[in-house]
Amino acid sequence: MTLDIVALAGIYGMYACGLTLVFGVLEVLNLAHAATFAFCTLLAMYLTTTQAWPLWQAALITVLAGAVVAIAIDRIAFWPLRRRGAVTAWGKHIGPLLSSLALATILLGVDQVAFGLDPRHFPDRVLPTATLHLGSGAIPLVSAVSTALFVVLVIALTAALRKTRWGLEVRAVAEQSTTAALFGVNGERRFIETMAVSGALAALAGLAYGLTFNIASPDTSSQLDVKGFALVVLGGLGSVPGSLVGATVIAAIEVSGAKWLPHGTEQLLVFGVLFLLLVVRPQGIFGTKIAAGAR
Amino acid sequence: MTSIFTATELSKRFGGVQAVVEASLSLRQGVVSGLLGPNGAGKSTLVDLLSGQQRSDSGEIVLDGRRLTSQPAYHFARLGVARTFQTSRLTNNLTVSQALQGVACSSRHVSAWGYILGARRTRKLYGDVKRDVISALQAVDLHKAARNYVRDLGWEQQRRLEIARALAMDCRVLLLDEPTAGMHAGSLPGFSALIRSIADRGVAVLLIEHNVAFMRATADELYAMDAGQMLLNGRVADVLSDSRVVSSYLGTARQ
Amino acid sequence: MLSFLGVNDPVLLGMAVAAVSALSFFAVFGAGQFNVSQPGFVAVGAYSVGLTTTNHMPIFVGVLIGLAISLPLAAFLVLVTQRLSGVYLAIATLAFVELVQEIIILTPALKGPLGIYGIPLALSPTSAWLIVVAVCLVFAQLMRSRIGLAMVLLREDVIVARGAGVNDRRLKVFTACLSATLASAAGAMTALSTSYISPDEFSFALLIAIMTAVIVGGSERYWGAVIGAVIMTDLPELTRAASDYRPFMTGGILLVAILLAPEGIAGVVLRGRPRLARRLNVSPGITLAKALRRQRV
């Protein structure tokens with residue numbers, strides 16, 4: 001069972017990491033993240049089936065596509081509002097949230113038109129069948145690799161944010177982009193780069209998801225929409241290491257809940273935990289931005 | 001003149017910082033009491049405490065014999081304590097008249113259901129509110145801008161709107177937090193006269209200001225504060241020449 | 001002419017339901033609360049009516065049960081999340097919506113994922129729209145009264161509102177209860193007009209539809225919500241042929257609204273035509289403009 005948790009945590013983790021990164025740096029809850037995730041999974045499936053590409057090629061293109069889509073989301077939905085200093089009665093966080101929602105809907109349309117409404121799969125020749133045997137349990141190689149990759153990415157990203165000049169600039173821009181600009185930091189560049197990373201992470205999560213469960217349809221994003229919030233809130237919105245914690249805990253709840261509780265109850269548990277968390281400790285474990293939250 | 005608004009030994013701590021230490025003051029009807037102190041002295045925090053926006057850790061606040069300590073902010077407002085904000089808190093997407101009507105109705109807590117059900121007495125009350133809003137606007141010379149959106153107002157107009165908001169509440173106590181910040185010198189005499197006229201109507205005014213000349217012209221008495229503590233109070237001239245006040249503002253002279 | 005616009009009985013019913021749902025969101029959004037729990041309460045209303053009518057009980061009993069559950073639940077929800085705002089409040093209330101959905105799916109007594117069939121089609125377009133008109137009348141008066149003005153102040157700036165004497169906690173509870181009542185009513189209307197309800201309907205997707213209606217129509221005025229609801233419900237009908245492209249349309253309209261006209265249709269009307277705006281922008285009693293003129297200012 002632990003290995004199931006590990007496998008799921010890898011998928012959730014990469015997804016959560018991308019989402020929390022965007023929130024931390026751009027101060028926006030990107031509601032199109034789930035749609036990007038679904039799009040990438042479908043794209044990879046399409047490329048390997050209809051276009052008969054080898055997996056590595058499809059994966060590469062998919063990750064690139066994820067980054068490109070994310071950048072497009074920024075340019076279309078976030079940047080115009082940033083530029084305007086969107087002043088509305090709702091405050092500056094709600095506008096981008098709503099525009100990302102609009103783009104999510106549009107992406108859904110793209111999915112439907114490009115890939116059809118029916119569920120898609122990876123072709124058998126492409127699916128890795130190797131399993132890793134650890135102790136008494138077994139875990140598909142795909143899952144092991146993706147989770148390991150996730151952990152490496154979290155460490156690398158956290159280190160990059162703390163130790164490198166690039167990371168320093170990203171954090172400066174996250175705090176206060178106008179002041180950062182005064183110090184010569186190219187805020188827009190950093191925002192674009194952050195979005196690209198988050199898109200790539202969504203794509204990786206999508207690939208891992210697709211190769212593990214081998215089914216995806218335009219509907220897939222709706223599963224992860226609200227659950228994604230649970231993932232990021234637990235670790236703290238805006239905290240990269242937090243995404244590791246959040247993903248692991250939620251994965252643990254889901255897997256153990258599915259094992260011990262009546263079918264379906266584990267979903268209830270996840271949302272219940274999310275709600276309780278927000279009531280008791282909205283900033284999560286490593287919470288950084290309470291700006292939009294508790295007063 | 002008896003004091004109507006008394007604060008005794010108020011304190012406030014934020015984490016490791018003691019922002020206000022056992023500060024006391026009392027305000028009287030018709031009197032403009034100035035409050036002087038360098039930045040960081042705790043003046044704005046004190047105003048937060050006096051208006052109920054923050055709860056004091058200790059001490060008492062009494063208005064007209066009523067104990068206001070630890071009441072929520074809206075209670076202070078309904079009993080007639082009004083304040084202006086140093087950084088203009090604006091209701092940007094409303095028109096000037098909408099903003100003031102909102103303030104006037106809420107502070108008087110006129111019956112909403114009475115209005116909806118068309119009770120004649122309630123409708124008349126709303127009419128009175130209308131009139132008060134108009135006279136508040138006239139007092140600060142903003143009546144021509146009544147239909148403008150608040151975000152379209154100029155800086156000085158916004159400062160005057162802050163005052164109009166307090167007047168629309170029919171306040172008994174007015175706490176002014178650096179109202180002349182950013183105003184150009186030519187408007188100051190008029191502003192001073194405005195504040196004096198408000199006091200003359202029987203309002204107890206607290207005026208926080210850095211502009212000493214303005215303080216001299218407008219205040220009847222002065223309090224001085226530094227590092228969260230009330231240093232002294234008395235006649236304007238006396239306080240301004242006190243050595244402690246001078247050194248807290250200017251630092252001790254190097255020999 | 002109406003049929004030319006793709007409007008027939010089911011569409012009229014759909015519009016009415018959408019209008020009431022949109023107004024339920026306006027009740028909280030107009031007070032600046034990003035409380036998106038409405039789909040949950042729509043579910044409560046729909047299931048209350050659905051279960052009672054399929055068990056030989058009169059409709060009004062279902063409606064009352066729906067209200068009896070929604071009101072305390074809404075108040076509880078608000079009080080428990082009172083320290084949250086913005087994004088965090090949205091996520092918390094979204095979690096609530098998902099919880100309601102999951103509870104319905106998992107409870108056998110609520111017929112689970114299969115839904116409830118055979119609810120009487122007891123709602124006619126006329127009665128549906130009478131309900132909409134009644135709700136609008138209430139809002140018209142409410143927004144001009146102290147409560148409406150306080151809602152607007154609360155939306156703009158909490159600190160100013162409190163400093164003006166607004167009891168923000170009580171106002172939040174009030175608006176949430178109003179919202180839940182309307183959502184529950186919309187749920188009852190849904191059940192009675194489509195004769196089949198299932199848990200999928202009361203999801204994040206429903207919320208998106210509601211929010212889009214309010215934002216496109218204009219979030220600053222209650223009638224904006226109604227306009228938005230009518231337009232967004234009619235759109236799929238007008239463009240029957242291009243049904244594949246529906247997500248592009250709804251998404252596209254919302255995007256255009258946020259980027260170009262965040263104040264919505266109502267906002268454009270109010271700002272773009274000052275004279276018309278003054279007439280529609282009603283304030284308590286006589287308009288201030290007339291009062292000023294009378295005083296010869």
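Student: What share of the 297 residues of chain C counts as buried?

Tutor: Buried means under 20% relative accessible area, exposed means over 50%, and partly exposed is in between (1.4 Å probe, protein chains only). In chain C, 60% of the 297 residues count as buried. Note that this is a predicted model, where local features need pLDDT of at least 70, side-chain atom pairs count only at pLDDT 80 or more, and totals for chains, interfaces and linings use all residues. Residues are numbered from 1 along each chain as its sequence is written, chains are lettered from A and ligands numbered from 1 in the order in which they are written, and side-chain values use heavy atoms, with hydrogens and water left out.

Student: How many helices and strands does chain C have?

Tutor: Helices (H or I, at least four residues) and strands (E, at least two) are DSSP runs, numbered from the N terminus. Chain C has 14 helices and 0 strands.

Student: How do I read the interface of chain C and chain A?

Tutor: Start with the residues in contact: chain C brings 42 and chain A brings 49. Then take the buried area, which is the accessible area (1.4 Å probe) that two parts lose on being put together, summed over both. Here it is about 4,100 Å², and carbon and sulfur atoms give 78% of it. On the side of chain C, the residues that lose the most area to chain A are C:Arg83, C:Tyr88 and C:Ile91, together 17% of what that side buries.

Student: How many salt bridges and polar contacts are there between chain C and chain A?

Tutor: A salt bridge is a side-chain nitrogen of Lys or Arg within 4 Å of a carboxyl oxygen of Asp or Glu. A polar contact is a pair of N or O atoms within 3.5 Å; within protein, one must be able to donate a hydrogen and the other to accept it, and residues adjacent in sequence count only if both atoms are side-chain atoms. Between chain C and chain A there are 0 salt bridges, and the rule finds 0 residue pairs in polar contact (both at pLDDT 80 or more).

Student: Which elements of chain C give two or more residues to the side that touches chain A?

Tutor: Among them are helix 3 (59-80), helix 4 (86-106) and helix 9 (204-217) of chain C. Helix 4 of chain C gives the most, with 12 residues. For classes, Ala, Val, Leu, Ile, Met, Phe, Trp, Tyr, Cys and Pro count as nonpolar, Asp, Glu, Lys and Arg as charged, and the others, Gly among them, as polar. The side of chain C that touches chain A has 28 nonpolar, 7 polar and 7 charged residues.

Student: What does the interface of chain C and chain B look like in these terms?

Tutor: The contact takes 36 residues from chain C and 40 from chain B. The buried area is about 3,500 Å², with 61% from carbon and sulfur atoms. There are 0 salt bridges, while 4 residue pairs are in polar contact (both at pLDDT 80 or more). Helix 6 of chain C gives the most to this side of chain C, with 8 residues. By class, the side divides into 18 nonpolar, 9 polar and 9 charged residues.

Student: How are aromatic pairs described?

Tutor: A pair of aromatic rings is described by the distance of the centres and the angle of the planes. Rings of Phe, Tyr and Trp (its six-membered ring) pair if their centres lie within 6.5 Å; planes under 30 degrees apart count as stacked, over 60 as edge-to-face and the rest as tilted. Over all chains the count is 14 aromatic pairs. The planes of B:Phe191 and B:Phe214 stand at 35° with the ring centres 6.5 Å apart, so this pair is tilted. Both residues, B:Phe191 and B:Phe214, are buried. C:Phe25 and C:Phe29 form a stacked pair, 4.9 Å centre to centre with 15° between the planes. Both lie in helix 1 (residues 9-29) of chain C, 4 residues apart, about one turn of the helix.

Student: Is A:Lys227 buried or exposed?

Tutor: A:Lys227 has 7% relative accessibility, so it counts as buried. A:Lys227 sits in helix 9 (residues 220-235) of chain A. A polar contact of 2.5 Å joins its side chain to that of A:Glu254.

How values were computed
Contact = heavy atoms within 4.5 Å.
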